[in-house]
Amino acid sequence: PYKTVTNVIYVNDQIEGVETISDLSGKKISVVGGDTVADIIRGLAPDVELIVNDSYEKVLKSISFRKADATVMDSSVAGYLIRKHTLTNIKAVAEADIPEGDLGKNYRLAVRNDWPELETILQKAMASITPQEMNDLELKWFGTQEKIAAKKPSISMSAKEKTFITNHKPLVFSEINWKPLS
């Protein structure tokens, strides 16, 4: 994994008494369609009303504008979007009490089996990122982590890896339209 995440319950600042997912019972919960969080919430608090949106930005705006009461999402993504859109009436109330294994907490990169060169290129690129650069990226996109000092290494690629890069178009990592994955 290149990043570990924390899933958090977010509510409109007018909502009180929410500390666990079961506390969401009877409330309107905003989610992104296709996100596994929706199934998990429905399993842990079956009488919620799910409001399905097509982006995390819309999820948070629905809470800010009181069309929904709460959501559960990655704290890094939520923090970035809350700051970007100045959604000052949304508060984090608790880490989501999701059973271990129900929702992955690690971001990973995946590569097609028939592109082994890309796997080694990505491994080298990830290994070349210094702790300082990783913190800078987290500060830029998520507003987290303290800055630390480190030196910048270079990436060396084999001729086969360089040929692969030359012969392949840029890759799309996600169809979700939110930074840093878009």
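Colleague: What do buried, partly exposed and exposed mean?
Modeller: Buried means under 20% relative accessible area, exposed means over 50%, and partly exposed lies in between (1.4 Å probe, protein chains only). Take Lys160: its relative accessible area is 57%, so Lys160 is exposed. This is a predicted model, where local features need pLDDT of at least 70, side-chain atom pairs count only at pLDDT 80 or more, and totals for chains, interfaces and linings use all residues. Residues are numbered from 1 along each chain as its sequence is written, and side-chain values use heavy atoms, leaving out hydrogens and water.

Colleague: How many salt bridges does the structure hold?
Modeller: A salt bridge needs a side-chain nitrogen of Lys or Arg within 4 Å of a carboxyl oxygen of Asp or Glu. The structure holds six.

Colleague: Which residue forms a salt bridge with Lys160?
Modeller: Glu117 does, with the closest N and O atoms 3.6 Å apart. Glu117 sits in helix α4 (residues 116–128) and Lys160 in helix α6 (residues 159–167), 43 residues apart. Helices here are DSSP runs (H or I, at least four residues), strands are runs of E (at least two), and both are numbered from the N terminus. Glu117 counts as buried, at 16% relative accessibility.

Colleague: Where do Lys124 and Glu161 lie?
Modeller: Lys124 is in helix α4 and Glu161 in helix α6, 37 residues apart. Their side chains meet in a salt bridge of 2.9 Å, N to O. Lys124 is partly exposed at 32%; Glu161 is buried at 5%.

Colleague: Is Glu16 buried or exposed?
Modeller: Exposed, with a relative accessible area of 59%. The side chain of Glu16 meets that of Lys91 in a salt bridge (3.6 Å, N to O).
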